[in-house]
Amino acid sequence: MNMQDTADNIGNISNDTTNAGTEMAYTIDEYFLKTATNEQLREYITVLQQSNVQLQKQSDAFEAEKALLEVERKKDKHTIAFMEETKIMNRVGGWELDLIHHQLYWSPVTKSIHEVAPNFEPDLETAICFYKEGKNRDIIRQLLKDGEENGTSWDVELQIVTGNCNEIWVRSIGKSNWDGEKCTRLYGTFQDIEEQKQQKIKLRASEAKYGSIASNAMYGIMVANEANQLTEVNKAALDMFGYTEAEFIALPLKVFFDVTDPGFRAAGLEIAKEGKASGTVTGITKNGARFPCDFCSNLFTYEDGTSGYTIMVADVTESKKKERIITEERLLLRTLIDNLPANIYVKDLLSKKKIANKVEYEFCGAATEAEVLGKDDYAYFPAEIAKRNIEEDQSVIATGIAIINKESFFTSASGKKKWLAKSKMPLLDALGKIVGLIGISYDITDRKEAEHAIIEERILLRTLIDNLPMNVYVKDMQSRKTLVNRAEYEYMGAKSEEEVLGKDDTDLYPTESSRISLAEDREVFATGVPIIGKETTNTRHDGSTTWFLSSKIPLKNAGGEIIGLLGLSYNITNRKKTEAQLLESREIMQQSLNELSYQRFAIDQHAVVAVTDTKGTIVYANDKFAQISKYTKEELMGQNHRILKSGHHPKTFYEDMYRTIASGKVWKGEFCNRAKDGSIYWVDSTIVPFIDKITGKVISYISIRTDITDRKNHEMALQHLSDQNKKKTDELAIINKELEQFAYITSHDLQEPLRMVSSFLQLLEKKYHNQLDEKGRQYIHFAVDGATRMKRLIMDLLEYSRAGTVKEVFVKVNTQQVVEDLKQDFGSMISEKNGHIIAGSLPVINGSLTQLRQLFQNLVGNALKYQKPDNAPTISIAAEESNTHWTFSVKDNGIGIEPAFFNKIFVIFQRLHNRDEYSGTGIGLAICKKIVENHHGAIWVESVMGEGSCFYFTIPK
């Protein structure tokens, strides 16, 4: 270790620099003085001496600097050039503030100190802002103000922040120049004193440091001259030897040490030869007590050339005692470690063993500790195990986090498999630095095997508990569940045991059920007497009630103290229901027996009852059976039902019946039977098979019949009437068809003579127009008009006939398009009457395109025709959908229809107006009705006189 290292280890320096100045605080590293070797102590004294010399040199330099500044102030004309050079070397510049013209001048050195460009032109505020914000800036502002107002000079050391953002110490000197009573300028010097300031700080630090070390050291420090006369002594030395400072310095050095001690004489020879010495000598206190002490001494030379030496002394009485105690404790600790039934070892930072007790090195397969020291786990364990161990070691060393009682399965060097509970703790030196680790491992193989056996037993027990067909639970002394089996938590509606644990019955059941259960718990806890086989009911939150056969048994610890209870509940709800059902069955049976005679009497009065065996032989027949069959009961007994066959039913009818009842099913049907006297009667029969509950086979049948002869006779009469009606309907259909064909042929044949009459009348009028008078022309007009109307009537009759007879295949018809086409067809008429047709969204439906077009045409034509004079027709067409059909509406604002004629208008040839008022034949709406009926719909009208009409019709989907 060199001198600088020694100095660095002597103490830790902490400083706190304030804005006003710098104060240093130092703390001696007491640990160094306690633990340093004699060699280090000698180097420490040398550092002290050299530091004193350096401090003196720094002080002289500072004084020289002050003298140089003084010379500058005097401004000797003969030294101007020298001073300018000196200013630059010493970083001294000038400044001047012209208060008349408000201009500030900086010399080049001043600008250099501020680290600004040579052409930088400062102003007062900019210059002030270079000073460090806070106290420094406030001081310079106040000094400038005092200089201008009072002529106060200043010489201060402050901190600035340069243009390059460097913080430095500067010395600012300022004076004022006055013209009468007015200050005209301020001027002065500006010096960079950062280096001197740092030197002063170091000087103060060194003085404080070494002065503090000497004064506060725990070791005695003495300084003697070459005559062996003591010149300085610290407090620790005075306390150690028991003298005052005056007494100590007045006595020769040999008074304080046993000069006959060989160590003392050897030290004297060594310092004379080497200039330094150290060792252990015997000290003598003022009262004559002797004590062992360690010392170190260094020779040094004063400035006047004389020599002296320092002595540092430490009382090691306690240290010697501690060394002896430590030696004894180490021996005891080693004995303890070697005899503990655990693996104990110490490893260095590379996981190599430094200590291993007997259990450990034998576990590693070694005969002595020496065989394992300096080796890692790869030397005696399989690679996989060794790698895992070393990774754990390095984790503990890297993080400082211990591993405590980690259980691991291990294979020893001999191949024996064991379970170990191992702990690894970081090993720290006196400075708290991790230097290795301590490991302790216990063989827990027996315990793990016992635990495994216990776990298996617990798994077996738990499996048994979870699969018992009863609710099992354990409660603590607060009635909280600490264990429940599957049957118990599923009964409570939970999906897992965890949902129930820690809860009592108030959390799980309604108030009344939980109150009763908790009262039973308290009784068991208080008395220690179990509750065995108690029938209880429990109501859950969903309102369902369950019957249990419950037992609650107190649980006790090894000391006999009750610590909870074991609950066992067997669900007996089904049993209780069965008991209730049996009781109810008995009551019902008794009631049935009481009522059976009444029911039998009632049945006998109304129904035909018979019982047969599986072959159909009658084994029981009531009076009603004998009465309707005309056989006596005696004649019926032993007979087969075949004696009643009438021949009405086919063979398959009976086969189906026997197949049904033979399979155990009830058969219901109607029989046509023949009585003993040959008369026919009908019965509505129900045959019920009786099944043996043990064998599951049919053993007999009971047949209950009701006489329905009168109903069947009436049905046959109705059927005969229906057949006659159908015949007449068919005949009418043929007649209607013939009439429709006749109407078609007649209307067609009538058109030919009408055309001839009309044509010849028109020719007559054309040829003899001038020869006829007005009356003759009027007669011809009436004849032609009559023929025209007759033709229109015949055409309408033809259309009416076609509407009822022509059967078209229904197709998809877009009614929206049909209406749009009609707008075009009625275009001229609509324009003439200034009318409007408004159509909503109309559907696509199934129907006859021709007939549906004629339907809309007739309704729209009527709406345009039947209007008040000068009224603009407005026709609205809409459709509304329902589940089964579409309902269309055609609404107008015409003359309206009286309610009395709502049905009449749909009858052929029914007109409500004179031909002179409104043209037409009275067939149009009859055609509409027939078209709608052809589409299986209905048509009707709603109207208000003078306001208009709305025709509705439906078309199925």
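Here is a walk through the nonpolar cores and aromatic contacts of this structure. It is a predicted model, where local features need pLDDT of at least 70, side-chain atom pairs count only at pLDDT 80 or more, and totals for chains, interfaces and linings use all residues. Residues are numbered from 1 along each chain as its sequence is written, and side-chain values use heavy atoms, with hydrogens and water left out.

Let's start with the largest nonpolar core, which has 36 residues, with Ile877 and Phe953 making the most contacts inside it. (A core is a set of buried Ala, Val, Leu, Ile, Met, Phe, Trp, Tyr and Cys residues joined through side-chain atoms within 4.5 Å; buried means under 20% relative accessible area, with a 1.4 Å probe and protein chains only.) Among the elements that each supply at least two residues are helix 25 (815-825) and strand 31 (874-881), while helix 27 gives the most, seven. Helices (H or I, at least four residues) and strands (E, at least two) are DSSP runs numbered from the N terminus. A second, separate core of 24 residues includes Val109 and Leu143.

Now for the rings: there are 27 aromatic pairs, meaning Phe, Tyr or Trp (six-membered ring) centres within 6.5 Å, with planes under 30 degrees apart called stacked, over 60 edge-to-face and the rest tilted. Tyrosine 491 and phenylalanine 548 pair edge-to-face, 5.1 Å centre to centre and 85 degrees between the planes. Tyrosine 491 is in helix 16 and phenylalanine 548 in strand 21, so their pairing ties together parts 57 residues apart in sequence. Both tyrosine 491 and phenylalanine 548 are buried.

Notes. Buried < 20%, exposed > 50% of the residue type's maximum accessible area, 1.4 Å probe, protein only.
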